[in-house]
Amino acid sequence: MKKHGCRTWLGLLCDEADGKKTPRLRAHLPDCPPCRAMLASLKRTVAVLKSAPLGGKPTSSLKNALRRRLRRSSRLAVACL
Ligand SMILES: [Zn+2]
């Protein structure tokens, strides 16, 4: 697998899972199964977090929760570093 530093994509993965448009990430995803797996996992996480009573809009606490979760599932990222 090509080494391309998926760590640099983590922020964009968070944004994409959060519903933002991330054209650079979308161009990258077809070539990177680990990033796709990570995104799918993040989207599930976001769905759970948004269904929790946090007050609706994405908040910094949501992002922090996502980043904590990312670190826990970082073996996915490590797979394509
Ligand atoms: Zn990647």
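Biologist: What percentage of the 81 residues of the protein chain count as buried?

Modeller: The figure is 19%, where buried means that 20 or more other C-beta atoms, placed from the backbone, lie within 10 Å of the residue's own, exposed means 12 or fewer, and partly exposed lies in between. Please note that this is a predicted model, in which local features need pLDDT of at least 70, side-chain atom pairs count only at pLDDT 80 or more, and totals for chains, interfaces and linings use all residues. Residues are numbered from 1 along each chain as its sequence is written.

Biologist: How many helices and strands are there?

Modeller: The protein chain has five helices and zero strands; helices (H or I, at least four residues) and strands (E, at least two) are DSSP runs, numbered from the N terminus.

Biologist: Which residues of α3 are buried?

Modeller: They are Cys-35, Met-38, Leu-39, Leu-42 and Val-46. These residues lie on the same side of α3 because they cover an arc of only 100° around the axis, the arc being that of the directions from the helix axis to the C-beta atoms.

Biologist: And which exposed residues are on the face turned away from that buried side?

Modeller: That face of α3 carries Ala-40, Arg-44, Ala-47, Val-48 and Ser-51.

Biologist: Changing topic, is Arg-24 buried or exposed?

Modeller: Arg-24, which sits in helix α2 (residues 23–28), counts as exposed because it has 11 C-beta neighbours inside 10 Å.

Biologist: How far apart are Arg-24 and Trp-9 in space?

Modeller: Their C-alpha atoms are 9.2 Å apart, with the two residues 15 apart in sequence.
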